[in-house]
Protein chains: 2
Amino acid sequence: MILIGERINGMFTDVKQAIAEKNEKVIQDLARRQTEAGAKYLDVNVGTAAADQEGTIKWLVETIQKTCSTGLCLDSQKPAVIAAGLSVMNTENGGILNSTPLNKKSDEDVLDKYLDMADSAGPGVGVITLTMDKNGVPQDTDTRVAIAAEIVQKAMERGFDPQRLYIDPIILPVKVPNAQSQPGNILNAIEQIKYLAEPSPHITMGLSNLSQGTNERSLINRVFLAMAISRGMDSAIVEVLDKQLMDVVATSEMLMDKQIYSDSFLKVYSTT
Amino acid sequence: MILIGERINGMFTDVKQAIAEKNEKVIQDLARRQTEAGAKYLDVNVGTAAADQEGTIKWLVETIQKTCSTGLCLDSQKPAVIAAGLSVMNTENGGILNSTPLNKKSDEDVLDKYLDMADSAGPGVGVITLTMDKNGVPQDTDTRVAIAAEIVQKAMERGFDPQRLYIDPIILPVKVPNAQSQPGNILNAIEQIKYLAEPSPHITMGLSNLSQGTNERSLINRVFLAMAISRGMDSAIVEVLDKQLMDVVATSEMLMDKQIYSDSFLKVYSTT
């Protein structure tokens, strides 16, 4: 699993405050702890509070890079904020741009903009692409897969390797009215999306979104993560500091025959 | 989920000793506690130690029925032991006969014998049928599904409602060498078996077998159970006294839209 640590996000109170106070230590601690816990990439999202989003993402990237060399996942819906982060980002351990839909009413070419930025940054930089278009987030399996197919096709037509795509079928909070059919639809979509190219594009999601507002966040995240891994999801933006969740990742990978069973498979997984 | 409590089995030391000493209290405590925990049926297996298996299963059935009216799941590979249990079993809350393969080298008609016994016991009694034939347990998905299809066909031909079948794709210990591809094969088999008839036969398994000999039994069982429920498994023989496992059942059912989400969905599930 390609795990992306979710914690350096201005939506979290501690990160929001650290951004406001330019407190490097809080950000660097989160960077190191998530790396030690198994994050291959660290998501970097300035949140909504910062007035100067471009300056803030540069500060976050530089602050993290002073303490560790983990790959970064620049997270913004604004191409200009991503570009600002990229201007100071070290890409020696790869990187991910998070995220773009297929298109938007206000910006038909947003996908191309993100792919352009990834190409400028180098072949080790991927892009998270949402199964979403100018009509919004689809509710059913088929439209999700159709949008994913269009994304893969557009990438291939311009010579962008599908293995640099992280397709995100967009998991919505299960607590929202009428949303309870979505987890099942998304599992079915994952199963189909992995066959859109050979080798397959990556499949990822912002897992914690599923349990927003519930009393059982870790449990709900863990159960759905196991289900999604069993369908072929090979990446996720998660709380890597949740040990129980990491144990479910290790167990799911072992049961799906991606990691060898040994009596200490949990420990082996967390240290490799 | 139709949960079958696994604990009244002579393979467990406490039950083995209770059988040897004819200690009713141990058996009755397990019957009540499993029922309160959410078991719809109680598995009843005399184990291998008892010399008089037919007398022992009768004693177990009568002992349990003195304290609760939960449906029983008579568990033996010997038709004569099942028949002995049935001779004293109350079927007002249904029942299950556990289990028969499609056929055996030594007994080509074993499936018919189990279906005959279920028919004699009444329409509320089902049969667990293993995806196994005279050649043994298949290792791949396709042979499992082919055997299941033959079982469903044989049942339908004689007028045995497929909804009384509990098809068991036979999960093997993941720790056994070369067995790590089996969990994935079984998930794929589950997905196909549920389409063999309309309405679908039930699908069940002896879940704990998967984690035999490992250090992380509950975790491995929980992760695979979530995966299997997401593919359509609607029954399992499990340790219902494992609260964490029961929480995963409730969460899986909620995420698969079989139970309505509420902030107290775990509590609601455990009391309905």
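1. Which strands of chain A does helix H3 (residues 53–65) lie across, and at about what angle does the helix run to S3(A)? Helix H3 of chain A lies across S2 and strand S3 (71–75) of chain A, and runs at about 165° to S3(A). Here axes are lines fitted to C-alpha atoms, for helices over the stretch in contact, and angles run from 0 to 180 degrees between N-to-C directions, while contact means heavy atoms within 4.5 Å. Helices (H or I, at least four residues) and strands (E, at least two) are DSSP runs, numbered from the N terminus.

2. On provenance, this is a predicted model, in which local features need pLDDT of at least 70 and side-chain atom pairs count only at pLDDT 80 or more, whereas totals for chains, interfaces and linings use all residues. Residues are numbered from 1 along each chain as its sequence is written, chains are lettered from A and ligands numbered from 1 in the order in which they are written, and side-chain values use heavy atoms, with hydrogens and water left out.

3. Chain A is superposed on chain B by a rotation of 180° with 0.0 Å of shift along its axis, at an RMSD of 0.0 Å, which is the relation of a two-fold axis. In chain A, the C-alpha nearest the axis belongs to Met227(A), 2.3 Å from it. The superposition is by least squares on the C-alpha atoms of residues with pLDDT of at least 70 in both copies. Because 100% of the interface residues of chain A are also interface residues in chain B, the copies meet through the same surface.

4. In chain A, 8 strands form an open sheet with parallel pairing, in the order S7-S6-S5-S4-S3-S2-S1-S8; two strands pair if DSSP finds at least two bridges between them. Strand S7 (202–203) and strand S8 (235–238) of chain A stand at the edges, each with a single partner strand, so one side of each is left without a neighbour in the sheet. Strand S1 (residues 2–5) and strand S2 (residues 41–44) of chain A pair in the parallel sense over 2 bridges, with Gly5(A) opposite Leu42(A) in S2(A).

5. The open sheet of chain B has 8 strands in the order S7-S6-S5-S4-S3-S2-S1-S8, with parallel pairing. Strands S3 (residues 71–75) and S4 (residues 95–100) of chain B pair in the parallel sense over 4 bridges, and Cys73(B) has Ile96(B) in S4(B) as its bridge partner. Helix H3 (residues 53–65) of chain B packs on the sheet, touching strand S2 (41–44) and S3 of chain B, with its direction at about 165° to that of S3(B). Helix H6 (residues 141–157) of chain B also packs on the sheet, touching strand S5 (125–130) and strand S6 (165–168) of chain B, and its direction makes about 165° with that of S6(B).

6. The structure holds 1 cavity of 30 Å³ or more, and the largest cavity has a volume of about 80 Å³. On a 1 Å grid over the protein atoms alone, a cavity is a set of points where a 1.4 Å probe fits but cannot get out, and lining residues have an atom within 4 Å of a point; grid points are joined across faces, edges and corners, and a volume is the space filled by probe spheres set on the points. Helix H8 (217–231) of chain A and helix H8 (217–231) of chain B each supply at least two residues of the lining, which includes Arg222(A), Val248(A), Arg222(B) and Val248(B). The lining divides into 8 nonpolar, no polar and 2 charged residues, where Ala, Val, Leu, Ile, Met, Phe, Trp, Tyr, Cys and Pro count as nonpolar, Asp, Glu, Lys and Arg as charged, and the others, Gly among them, as polar.

7. Some backbone geometry deserves a check. A cis peptide bond with omega of about 10° joins Asn98(B) and Ser99(B), and Ser99(B) lies in strand S4 of chain B.

Terms used: 1 Å grid on protein atoms, 1.4 Å probe; cavity = no way out; pocket = protein on both sides within 12 Å on 5 of 7 lines; lining within 4 Å.
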